[in-house]
Amino acid sequence: MNVSEARILFITRQMDRGGTEKVILSLCEILKPLVHNIVVCSSGGAQTKILSDMGITHYTIPDFSDKKFGTVLKTLRIIHRIVRREHISVIHAHARMAAVYAHIYGKFFHIPVIATAHNVFGDKKRLTYFAYHNIRVVACGKSVLDNLVDFYGLEKTRVYLINNGVKESINDITPVSEIQRCKETGGFAIAICGRLCKEKAVDVAIKAMSDAKVRTKNIQLFIVGEGEERTYLQDIVQSKGLCEKVHFLGYRTDVPNIMKQVDLCVQTSVIEGLPLVLIEAQATALPVVATAIPGTTDVIVDGFNGKLVPVNDEKKLAETILFFEENLDIRKEYAENAREQYVKHFSHQMFAKKYIQFYEEL
């Protein structure tokens, strides 16, 4: 493909505050100076303003969760109007249902379709195979690639591994008052960052904070993010008497800044693709304790740059938090290893280089 002549349509479910959306914004930033045009269509969200600030047009389509036949037809008609108006030369779908729509449209109107897979799944085998077969698919991490090939049966020659990458923060630290108060009293600060939803299982981290041994120490948890589970999580904090130990910081755009001020990053997810937040932790040389699930294990090597714990095991999580709190030398060793891992595998420069090469070779 002559990249300079490419007119790209990114299709995704929404442009809110998740990892998929961050990847799309990164790709817009990388590709916009190189291609003729990029436009995005989704059901909307907070990140559409960033697209506008970047000079990228966003078109609103119905949410993919509405699978009524009439809605499907309406969505395809809107995509058709976008393709004709913007003279689109390639459709790049992000996530499974976006790939379904792109595949249907591409077959009828003979337009090239590619996709990026952002998660490891174990369901909807036929739908997933339909969405991704006979097109080029980027897997955002090794576990995602293995899942597509081994579980869903895609041809390995059509699946390309491009690890997610994040930019390195070079800004000075802007103190967060809640974290500073913890540190000033000799406390041990932990951050958990992400959307407050069932898949992230933030309640497990909160319950770990109620462990008797954790309670006796000045260990505090800072929850960064918003989502549908916030009220539920706040109720747990209240019921367990953890208001002095667990703090909700809300949605923030300065996650690396927070990472630079805490002692440990915690991730309790039950499903992931290649978690950007763990790469952000590595970029800031922050050790991690995370659940041992596909995707997370692509980033965290147990006993090297962090510790892995079983899913939904608050007792083991509490023990591991105490291990980090009590072993400063090991924290420093893991921090150095985390930084090394980021530079070798997950830098933004490497991410950009591989995506540009992928487009050039289409």
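Predicted model: local features only at pLDDT ≥ 70, side-chain atom pairs only at ≥ 80, totals over all residues.
Strand β8, which spans residues 188-193, is mostly covered, since six of its six residues are buried. The covering applies to both faces of the strand: F188, I190 and I192 are buried on one side, while A189, A191 and C193 are buried on the other.

Two other strands pair with β8. With strand β9 (residues 219-224), β8 pairs in the parallel sense over six bridges, and within this pairing the bridge partner of C193 is V224. With β11, β8 also pairs in the parallel sense, here over two bridges, and A191 stands opposite C265 of that strand.

## Q261, a buried loop residue

Q261 lies in the loop between α11 (255-259) and β11 (264-267). Because its relative accessible area is 6%, and buried means under 20%, Q261 counts as buried.

The surroundings of Q261 can be described residue by residue. Leaving aside residues up to four places away in sequence, Q261 touches I173, T174, P175, V176, I179, Q180 and K183. One of these, T174, has its backbone oxygen 2.9 Å from a polar atom of the side chain of Q261.

The model has a count of 18 salt bridges. One of them joins R13 and D63, whose closest N and O atoms are 2.8 Å apart. R13 lies in the loop between β1 (7-11) and α1 (19-31), whereas D63 lies in the loop between β3 (57-60) and α3 (69-86), so this pair ties together parts that are 50 residues apart in sequence. R13 is partly exposed, at 39% relative accessibility, and D63 is also partly exposed, with a relative accessible area of 24%.

## Salt bridges within helices

In helix α13 (residues 314-326), E319 and K315 are four residues apart, which means that about one helical turn separates them. Their side chains meet in a salt bridge with an N to O distance of 3.8 Å. E319 is partly exposed, at 38% relative accessibility, while K315, with a relative accessible area of 55%, is exposed.

Helix α14 (residues 328-345) holds both E340 and K344, which are likewise four residues apart, or about one turn of the helix. E340 forms a salt bridge with K344, and the closest N and O atoms of the two are 3.4 Å apart. E340 has a relative accessible area of 38% and is partly exposed.

## A linked network

Salt bridges can also be followed through a group of residues: K217, E325 and E326 are linked in a network of them.

Technical notes. Residues numbered from 1 in each chain as written. Heavy atoms only, no water. Buried < 20%, exposed > 50% of the residue type's maximum accessible area, 1.4 Å probe, protein only. Polar contact = N/O pair within 3.5 Å; in protein donor to acceptor, adjacent residues only side chain to side chain. Contact = heavy atoms within 4.5 Å. Pairing = 2+ DSSP bridges. Salt bridge = Lys/Arg side-chain N within 4 Å of Asp/Glu carboxyl O.
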